[in-house]
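Please look through the sequence and the model below before reading on.

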Amino acid sequence: MEKNEAARDEWPQLMALAQSGDSQAYTRLLKALVPVIRSLARKHIADEVLVEDVIQDVLLTVHRVRHTYDPGAPFLPWLMVIANARAVDALRKRGRHQQREVASEAEIPLLATSMESSSHDELATLLNQLPARQREVVEHVHLREMTLAETATQQNLTVAAVKSLLHRALNNLRRLGAHHGRS
């Protein structure tokens, strides 16, 4: 623990050296900051993937604003402000993304309602017009009621890829359903 405290005492000096162009001091500083940033991010965020994203964002922000640090001032509060701001930004961004995801999924009953009058054969016909991956994702998520994570595991995809395929599939089904209704 004393070693970490000694390292923290060196941070203002390392940043001053980094500000004057010492890349070795800057590398030492950034490496020493990672565990501290991780700890700060975990206070706000439970998702480890998002924590790692926040760490990268904090390091990029430190790099962009390093010229604003005053070596005569304490370093940790300066870093904490940056880390807290990036954590809040990440949570807001994730919240907006989840709201869009929910809104997209809220449209699914509209699609189902418009197809209620269709027979199962017509639904199968529409699903079969989708590319195979999109059809499989729709079948897993909406017909088998699997979660996005379960579907991702089953299909050997990331959750983000499943979301993307599902979004494309629903758009295609809307388009196909509209054309189908005109035929």
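Gln155 has its place in helix α8, where helices (H or I, at least four residues) are DSSP runs numbered from the N terminus. The model is a predicted one, in which local features need pLDDT of at least 70 and side-chain atom pairs count only at pLDDT 80 or more, while totals for chains, interfaces and linings use all residues. Residues are numbered from 1 along each chain as its sequence is written, and side-chain values use heavy atoms, with hydrogens and water left out.

**Gln155**
- Gln155 counts as buried because its relative accessibility is 13%, and buried means under 20% relative accessible area with a 1.4 Å probe, protein chains only.
- Leaving aside residues up to four places away in sequence, Gln155 touches Arg133, Glu136 and His140, where contact means heavy atoms within 4.5 Å.

**Helix α7 against helix α8**
- The axes of α7 and α8 (residues 148-155) come within 10 Å and cross at roughly 135 degrees, the axes being lines fitted to C-alpha atoms over the stretch in contact and the angles running from 0 to 180 degrees between N-to-C directions.
- On the α7 side the contact is made by Arg133, Glu136, Val137, His140 and Val141, and on the α8 side by Leu148, Thr151, Gln154 and Gln155.

**Helix α7 itself**
- Helix α7 spans residues 132-143, and its buried residues are Gln134, Arg135, Val137, Val138, His140 and Val141.
- After α7 comes Glu145, whose phi is positive, near 55 degrees.

Notes
Buried means under 20% relative accessible area, exposed over 50%, partly exposed in between (1.4 Å probe, protein chains only). Helices (H or I, at least four residues) and strands (E, at least two) are DSSP runs, numbered from the N terminus.
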